[in-house]
Amino acid sequence: MEHAVHGSHRFQGAIFDVDGVLVDSPHYRAWRDALQELMGTEWTDVRGRTSYAPEKFTEAVYQQVVAGRPRLAGGRPP
């Protein structure tokens with residue numbers, strides 16, 4: 001087996017698994033983090049008019065409301 005010399009191979013591509021097909025990844029954390037960031041910036045004006053709280057967006061909520069729904073439907077209210 002020949003050993004690779006540092007720098008002898010060029011980067012040819014990457015795989016981004018964003019839907020859990022290749023690796024069972026914790027999507028609820030990504031949704032929770034994105035929601036938390038939005039509520040702290042662009043959606044600050046609506047935050048007080050909702051029942052939003054970062055700790056309320058749990059894996060159980062993700063599974064009930066978001067998981068398994070068509071891509072855009074998961075982000076819409078039920």
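Mentor: Let's start with a term: a salt bridge is a side-chain nitrogen of Lys or Arg within 4 Å of a carboxyl oxygen of Asp or Glu. Keep in mind that this is a predicted model, where local features need pLDDT of at least 70, side-chain atom pairs count only at pLDDT 80 or more, and totals for chains, interfaces and linings use all residues. Residues are numbered from 1 along each chain as its sequence is written, and side-chain values use heavy atoms, with hydrogens and water left out.

Trainee: Got it. How many salt bridges are there in the whole structure?

Mentor: A search finds one. The side chains of R32 and D33 form a salt bridge, with 3.6 Å from N to O.

Trainee: Are those two residues buried, exposed or in between?

Mentor: D33 is partly exposed, because its relative accessible area is 40%. R32 is partly exposed too, at 25%. Buried means under 20% relative accessible area, exposed over 50%, and partly exposed in between, using a 1.4 Å probe and protein chains only.

Trainee: Switching topic, how many helices and strands does the protein have?

Mentor: Three helices and zero strands, in the order α-α-α along the sequence. Both kinds are DSSP runs numbered from the N terminus: helices are H or I with at least four residues, strands are E with at least two.

Trainee: Tell me about α1. What span should it have, and what does the model show?

Mentor: Its 14 residues should span 20 Å at 1.5 Å a residue, and the end C-alpha atoms are 20 Å apart, so the two agree. The expected span is 1.5 Å times one less than the number of residues.

Trainee: Which residues of α1 are buried?

Mentor: They are H27, Y28 and M39. Seen down the axis of α1, the buried residues fall within an arc of 95°, so they line one face of the helix. That arc is taken from the directions from the helix axis to the C-beta atoms.

Trainee: And what do they pack against?

Mentor: The buried residues of α1 pack against α2 and α3 (59-65). A contact here means heavy atoms within 4.5 Å. On the other side of α1, A30 and E37 are exposed.

Trainee: What about T44, which residues does it touch?

Mentor: T44 sits in α2 (residues 44-47). Leaving aside residues up to four places away in sequence, T44 touches L38 and M39.

Trainee: Last one: how much of the protein is buried?

Mentor: Of its 78 residues, 14% count as buried.
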